[in-house]
Amino acid sequence: MAVPRLLKRCSFVTTPIFYVNAAPHIGHLYSAVLADALHRWNVLKGADSAIFCTGTDEHGIKVQKAALAAGMEPRAYCDMASQKFKDLFNKSNIRYTDYIRTTEERHLTAVKHFWNTLLNGGHITMGTYEGWYSVTDEAFIPDREVAGMKESGQTLEWSSEKNYIFQLEPLRERLNYWLNQNPSPVYPSIAQSQVQRWIDETLPDVSVSRPCSRLHWGIPVPSDPTQTIYVWLDALVNYLTVGGYPSEGFTWPATVHIVGKDILRFHAVFWPAFLMAAGLDPPDQVISHCHWMIDHFKMSKSRGNVVDPFRALDHFGVDQLRYFLLKEGSLHHDGDYSERRLATLLNADLSDTLGNLLLRAIGHRVHPGNGNVTFSPKFLELSSARGFLKEDQLFLENLTSLVEHVSSCYDDCEFSKGISLIMEQLHQTNRFIDRHKPWQLIKQSVHGQLLESVLFISLESIRLCAVLLWPVMPSSMEATLERLGLNQIPTKMDFANKLGNCDNEVMWISNIKLAKEKSEFIIFHKFSSI
């Protein structure tokens, strides 16, 4: 069985840090779940060490205004808003190793050091900056994009102010070199192409500060208290802060930044340029995901269709919602969140397919022993004479190659594709059981070896799928593995490549917790139609 490429160094996965001017929504949760699944996958493959960070972006004009509207001091407002994100991620079993807030002292230290490095290198100069300013993005907008943004209803303001400027143009060649490495540091290809277009166009100067008279809630520019550091420069440095910057021996570069497509330019043009100017490597990879629609409409407060992730978790369950987001979310096209679709998918995939298969395979009426199954691979050498069919051979070949194919998807953060392969394997396992009818074989002693082979292969397929689904649904898959007599949590990929226990060409699975009644062990309950 092929093994995915193992990690021989630190895995460093990040989410974007989330802006606290509004409550968390389902799109924020998707970013976090996607990054969490990738982090868990890297751990499963055997990363020497693993960093996974998320957190909140707490400076800027929008936060300043949100605090004022709430009648709160900015710091108190940020404490409250950041805790909501932390509560959501804890509730969703997001296993971060670091939760960063941009109001922390360690981050202020990192930002000031980074600023001084850029300034001392001649990359930041004082000047006058004029242009259209997006209130939503807290960024100046290139002239070529102004018309489109106005048509989409975004609020733009003409601004002319004295501030510090970072020049992108001198870094064009280095940005091009970074972008055109193989494999590409920007994924998927549609995102890579977009970044290439941005780099090929005239690279504008970047305003990296704001007058403190306009923005007081932020980090002051070192040695110039009249200016506040631009919120995006401040926010992007959070990844360095988590790595221990500027302390000696800090961890860098990040292996993967997970970002939404709306902030791709900041992470795949501005951020690599800032890092290059500071004498640091750009991230290994930036993975851009698409957004979520709600019943085919864009989420908006005016429509009243913003999904409350806390409510969805309470109604559907943590692992169930994680499964839906990773199965239906995409790097290539916007997903559509529908409670009807969510219930239908969970019933079909988890209750009817995985849950039903597990109950069929551990049912007391098909097991001749007390939770022990033995199997000799030599039995398959004469399989055609012993009751195995051509379809079974294809099924076994697919089972043998499953890790390799799913790994290829997961390595690229294509969890939707990997999950689809796993579900097809589970469907094939159900059909395998249908063909051999173990509930009939148990009544015929002459077929004892065939029965145990059918049970062993079915249980092994479930075990392998459970290990591969662990990054997606950790709690449910741990419960499934425990039911199969495997009490350890998956930690290394060789666990997924181990077919039961083996001794002198005989393999066995022991301590299976058999179910006498269907209601005795149900992981996934069915949802009524919505």
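The model is predicted, so local features need pLDDT of at least 70 and side-chain atom pairs count only at pLDDT 80 or more, whereas totals for chains, interfaces and linings use all residues. Residues are numbered from 1 along each chain as its sequence is written, and side-chain values use heavy atoms, with hydrogens and water left out.

I begin with helix 13, residues 339-362, and helix 15, residues 415-436. Helices here are DSSP runs of H or I with at least four residues, and strands are runs of E with at least two, numbered from the N terminus. The two axes come within 10 Å and cross at roughly 45 degrees. Axes are lines fitted to C-alpha atoms, for helices over the stretch in contact, and angles run from 0 to 180 degrees between N-to-C directions. Helix 13 and helix 15 are therefore oblique to each other; angles under 35 degrees count as roughly parallel, over 145 as roughly antiparallel, 65 to 115 as roughly perpendicular, and the rest as oblique. The crossing of helix 13 with helix 15 is left-handed, that is, the near helix is turned anticlockwise from the far one by less than a right angle. Contact, meaning heavy atoms within 4.5 Å, involves residues including Leu354, Leu357 and Arg360 of helix 13 and Met423, Leu426 and Ile433 of helix 15. By class, the residues of this contact are five nonpolar, five polar and three charged. Ala, Val, Leu, Ile, Met, Phe, Trp, Tyr, Cys and Pro count as nonpolar, Asp, Glu, Lys and Arg as charged, and the others, Gly among them, as polar.

How do helix 17 and helix 18 lie relative to each other? They are roughly antiparallel, with axes that come within 9 Å and cross at roughly 155 degrees. Their crossing is left-handed. Helix 17 contributes Ile462, Arg463, Ala466, Val467 and Leu469, and helix 18 contributes Met477, Thr480 and Leu481. That contact has six nonpolar, one polar and one charged residues.

I turn now to arginine 101, in strand 4, residues 98-101. Arginine 101 is buried, with a relative accessible area of 15%; buried means under 20%, exposed over 50%, and partly exposed in between, with a 1.4 Å probe and protein chains only. Leaving aside residues up to four places away in sequence, arginine 101 touches Thr56, Glu58, Arg75, Cys78, Asp79, Ser82 and His107. Cysteine 78 is itself buried, at 0%.

Cysteine 290 is buried too, at 8%. With a disulfide taken as a pair of cysteine sulfur atoms within 2.5 Å, the count is zero.
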